[in-house]
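This report describes how two chains meet and where the annotated positions of one of them lie. The sequence and structure are shown first.

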Amino acid sequence: MSLDPATVRRIARLARIGIDESDVPALQGELNGILGWVEQLNEVDVEGVTPMVGTGHAALRTRPDVVTDGNCRDAVLSNAPDGVGPFYTVPKVVE
Amino acid sequence: MSLTELTIADAAQGLRARKFSAVELVRAHTDAIDALNPRLNAYITPTKDAALKAAQQADEALAKGEARSLTGIPLGIKDLFCTNGVRTTAASNILRNFVPPYESTVTANLLRDGAVFVGKTNLDEFAMGSANITSAFGPVENPWKRNGDDVALVPGGSSGGSAAAVAAGLAMGATGTDTGGSIRQPAAYCGIVGLKPTYGRCSRFGTIAYASSLDQAGPMARSVRDCAIMLQSMAGFDERDSTSVNCDVPDYSAAIGRSLKGLKVGIPAEYRAEGLSAEIAAAWQQGIDWLKAAGCEIVDVSLPHTKYGLATYYIVAPAECSSNLARYDGLRFGERVPGDTLDAMYEATRRAGFGPEVRRRIMMGTYVLSAGYYDAYYLKAQKVRTLIRRDFTEAFQKVDVLLTPTAPTPAFAQGEQSDDPVQMYLNDIFTVPASMAGMPAMSVPVGLGATGLPLGLQLIGRPFDEETLLATGSALEQAAGFTHRPAIRAEAAK
């Protein structure tokens with residue numbers, strides 16, 4: 001599997017990471033290097049093997065559906081890069 | 001003995017016997033940080049004033065006979081653990097000014113037991129790296145030197161600042177986190193002990209996430225016993241981490257010095273890999289001989305999927321990283337770069353905020369999770385992960401613990417390895433498989449190589465059997481009599 005420049009631009013877009021056209025060749029080379037290297041997994045026979053989604057040591061727990069934390073609005077907002085009063089701000093999203 | 005050369009165990013006794021005060025002990029370390037941190041860059045944020053204040057409180061507790069296991073002990077905290085009111089950066093520009101309004105469970109546990117935090121230690125950005133050269137706050141220098149030259153060596157990564165600080169006497173112990181080797185490999189490169197507990201043993205709450213199914217906090221210190229003391233405090237069930245395991249925390253120190261008669265130690269054939277340096281192969285054989293002399297039975301075992309560990313890791317970890325790091329959007333916390341539209345703001349923020357290795361891993365993860373490629377990469381890797389874990393499970397039916405090298409080489413120089421990311425990833429070839437399987441593992445320094453640099457051996461245990469690691473590790477430590485100290489350290493700088 002080899003990535004072309006269009007795919008590199010598409011991945012960057014999906015990841016919301018801005019790239020310049022001049023970044024594309026280097027990224028393409030690096031990502032293809034890694035992808036080429038992980039191709040070795042094709043040697044492994046995984047027929048009938050269950051995928052491992054976690055280490056399985058912890059059983060999922062349930063608890064009563066009650067509020068256990070909260071009333072800390074100012075703490076939550078304390079690191080907002082451009083907060084106004086008790087709000088986060090975003091660029092205009094509706095024209 | 002100088003206060004910056006003591007073990008935690010000895011310092012705790014000294015404090016109780018009033019041989020020195022907590023203020024004296026902590027000041028010796030903050031002075032050492034003042035003197036050496038400009039060179040080593042082991043700390044991103046030293047917290048001298050808060051530390052000295054906490055030391056005064058520790059002295060008051062000691063005077064009242066209310067000392068706990070870590071009262072007055074100066075520790076470094078990897079800057080990936082959120083600390084209430086103290087800047088926590090993950091060594092990234094995107095969190096350059098982030099001040100958490102809450103405390104991680106692991107650091108809260110250490111504070112509960114009286115520890116004094118002397119600063120936040122440097123790391124690879126978001127814990128992604130094996131040489132501590134991807135930090136937005138500059139690289140860390142390994143305090144060890146090769147015989148006869150002064151070239152700056154890497155401390156390993158990602159917990160490189162923690163390892164360098166402990167080795168140089170800028171902390172008595174430090175927290176680390178390990179995703180694919182980030183505690184064990186820097187411990188080996190810096191001649192200290194580092195323990196990655198079983199996945200689920202220490203809470204991940206408040207630890208900035210990289211790859212959630214792998215990340216695990218653990219202790220780094222200058223002796224096996226000190227790691228046991230720290231782990232005792234750090235470990236335990238936490239409601240706030242859904243992967244935290246609710247099982248008893250045993251008395252870890254009691255495992256130190258336990259008889260090893262009849263213990264079966266597995267030697268996996270697959271770790272005699274290409275690229276294993278002759279000096280590390282010799283140290284490994286020495287370790288085998290020591291454990292045999294201690295009464296262990298040495299058993300050859302096979303972990304056939306070892307060679308696929310790294311490739312599996314470099315699919316699973318970036319996939320989880322791309323998902324975890326989606327939260328850095330420039331809106332709720334972290335640095336923001338303005339843009340005309342929401343997407344333009346996201347893209348500019350994340351380009352400026354993340355370094356090249358982090359961007360590369362996010363993009364790699366985004367690709368392997370994207371429509372049409374998920375099965376070929378991510379699902380396949382999860383299946384191979386099952387096989388890697390099965391190898392360990394089968395080996396542990398025959399043996400009690402595994403002994404391997406920690407890293408294929410000793411510490412290398414900054415800029416010495418090629419710019420090829422894959423080459424850099426190979427440093428973790430021996431540590432990644434235990435991470436993939438969620439097994440506990442520890443690195444113990446056992447000697448110096450031909451160039452005068454420390455070499456570490458790795459012990460891998462059954463899930464939640466950290467005690468056997470500590471028992472076996474203390475036997476190796478005793479046999480090795482590793483008392484070597486690095487060229488750059490607090491005591492030598494006086």
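## Salt bridges between the chains

A:Glu30 and B:Arg360 form a salt bridge, with 2.8 Å between their closest N and O atoms; the term denotes a side-chain nitrogen of Lys or Arg within 4 Å of a carboxyl oxygen of Asp or Glu. This is a predicted model, in which local features need pLDDT of at least 70 and side-chain atom pairs count only at pLDDT 80 or more, while totals for chains, interfaces and linings use all residues. Residues are numbered from 1 along each chain as its sequence is written, chains are lettered from A and ligands numbered from 1 in the order in which they are written, and side-chain values use heavy atoms, without hydrogens and water.

A second salt bridge, 3.3 Å from N to O, links the side chains of A:Arg13 and B:Asp343. Because A:Arg13 belongs to helix H1 of chain A and B:Asp343 to helix H10 (residues 342-353) of chain B, this pair joins two chains. Helices (H or I, at least four residues) and strands (E, at least two) are DSSP runs numbered from the N terminus.

## Extent of the interface

Chain A contributes 54 residues and chain B 69 residues to the contact, defined by heavy atoms within 4.5 Å. Together the chains bury about 5300 Å², 66% of it on carbon and sulfur atoms; this is the accessible area (1.4 Å probe) that two parts lose on being put together, summed over both.

## Annotated positions in chain B

Under "active site", an unreviewed UniProt entry lists B:Lys78, B:Ser158 and B:Ser182; such annotations may be inferred rather than shown by experiment. The three span 105 residues in sequence, but no two of their C-alpha atoms are more than 11.2 Å apart, so they gather at one spot.

B:Lys78 lies in strand S2 (residues 74-78) of chain B.

Most residues other than glycine have a negative phi, and most peptide bonds are trans. B:Ala90, which is not a glycine, has a positive phi of about 55°. B:Ala90 is placed in the loop between S2 and helix H4 (105-112) of chain B.
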